[in-house]
Amino acid sequence: MNKRTVKDLDVKGKKVLVRVDFNVPLSKTEKGVISDDSRIKAALPTIDYLLENGAKVILISHLGRPKGEANPEFSLSPVAKRLEEIYGDNFHFFDEDEVVNDKVKEEVNALKEGEIALLQNTRYDKQETKNGEEFAAKLASLADLYVNDAFGTSHRAHASNVGVASKLPSAVGFLIQKEIETMGKALEDPERPFVAILGGAKVSDKIGVIENLITKVDSILIGGGMAYTFLKAQGKEIGKSLLEEDKMEMSLKLLEKAKENNVKIYLPKDVVIADKIESGVDTQIVDIDNIPTDKEALDIGPKTAKEYAEVVKNAKTVVWNGPMGVFEIDEFANGTNEVAKALADSDAITIVGGGDSALAIEKAGLKDKITHVSTGGGASLEFLEGKVLPGIDSIDDKEE
Ligand code: ADP
Ligand code: MG
């Protein structure tokens, strides 16, 4: 990686503006309660490093979509509460609807070494998502240095990442460093066999990933809703399963391209079918040639899961994006869970990208057994597509 990291910065006594991803899920029943604080935890190594090295830390983040105006529903105060539990009196919440104003500037200037502050939701300002010059300048005016550690928004060019980075000496934090080093190594210089497991709902969401991986991997295991467009394109009856008719031709092209690249593609050999996507419905396991016209395939079957697990067992690098079935419902979660277990049991470098896939791993309690579970849904997808992420691209390169 050629980007400067926090360790390349001299932070002692400096005001360091840190873009973190505190876009945490909030409880639907209890107001102002965080239901999962893993995004906060993921940012702590960078924050702690800065504090231990005598920086004055100013944290910025978005939360949800307040659409460019102050809205208590999207206040970062639940996050502030959590940070106060962690950092006690060293922590301050500069809770201003304007995010940055004269009061905030004064308070920032009064920060001492080893102290830490959080500003209000950056998306309270309508310029944030448009990478507005004025808002970026206001944010930059608070600090001497800028660190981006928000991997989850790095595929977007916003004022709080790309805008600020153009105005201050910059570096990436440890979280982004880990994300791009692990995923970057897998894509550029993988230990082989290199296996990709791709699932999720739609082929259209994953075409970019397949196209990029098809020149890099040794095999691709396909599951999830997108498998049925491939199967239908090959002339199979798929009943009422998810189909993107306008992507059938594309699917055939991808299969062709795989052949040209000597990539082995696996498609489901058996599936779990039902009348509808509902918890408690009757399910049946059928071979892929026996899907009735009035049923929907909602998970890969046990034979397929076993075969996929076997391929994973022999791999040295595994990248997984997209659940194998409707894992949110127990009746259709088995395929996803079996693949998750296979990854957990493997000695290979295992990487999981994508919001729902990460959730499935977490739900299965296997997160600790995976080499790297990406913290960015859309960002990890774009990274796997081989795209340049503007939030990372905008960071200063390491000096020679
Ligand atoms: P990720 O967030 O990991 O990239 P996606 O968002 O692409 O994954 O896909 C996840 C969704 O795909 C889940 O909500 C899941 O219910 C759905 N899905 C998986 N298999 C099927 C299927 N056979 N039919 C319909 N939906 C499916
Ligand atoms: Mg998703």
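Me: Which residues does E382 touch, not counting residues up to four places away in sequence?
Reply: Contact means heavy atoms within 4.5 Å. By that rule, E382 touches H155, R156, K387 and L389. This is a predicted model, in which local features need pLDDT of at least 70, side-chain atom pairs count only at pLDDT 80 or more, and totals for chains, interfaces and linings use all residues. Residues are numbered from 1 along each chain as its sequence is written, and side-chain values use heavy atoms, with hydrogens and water left out.

Me: Where is the place of E382?
Reply: Helices (H or I, at least four residues) and strands (E, at least two) are DSSP runs, numbered from the N terminus. E382 sits in helix α13, residues 377-384.

Me: How many residues surround ligand 1?
Reply: A residue counts if one of its heavy atoms lies within 4 Å of the molecule. Here there are 19, and the closest are K206, G325, E328, D356 and S357.

Me: What lies 2.5 Å from an oxygen atom of ligand 1?
Reply: A polar side-chain atom of E328 does. From the backbone, an N or O atom of D356 lies 2.8 Å from a ligand 1 oxygen.

Me: Which element gives the largest share of the shell around ligand 1?
Reply: That is α12, with three residues.

How values were computed. Chains lettered and ligands numbered in written order. Polar contact = N/O pair within 3.5 Å; in protein donor to acceptor, adjacent residues only side chain to side chain.
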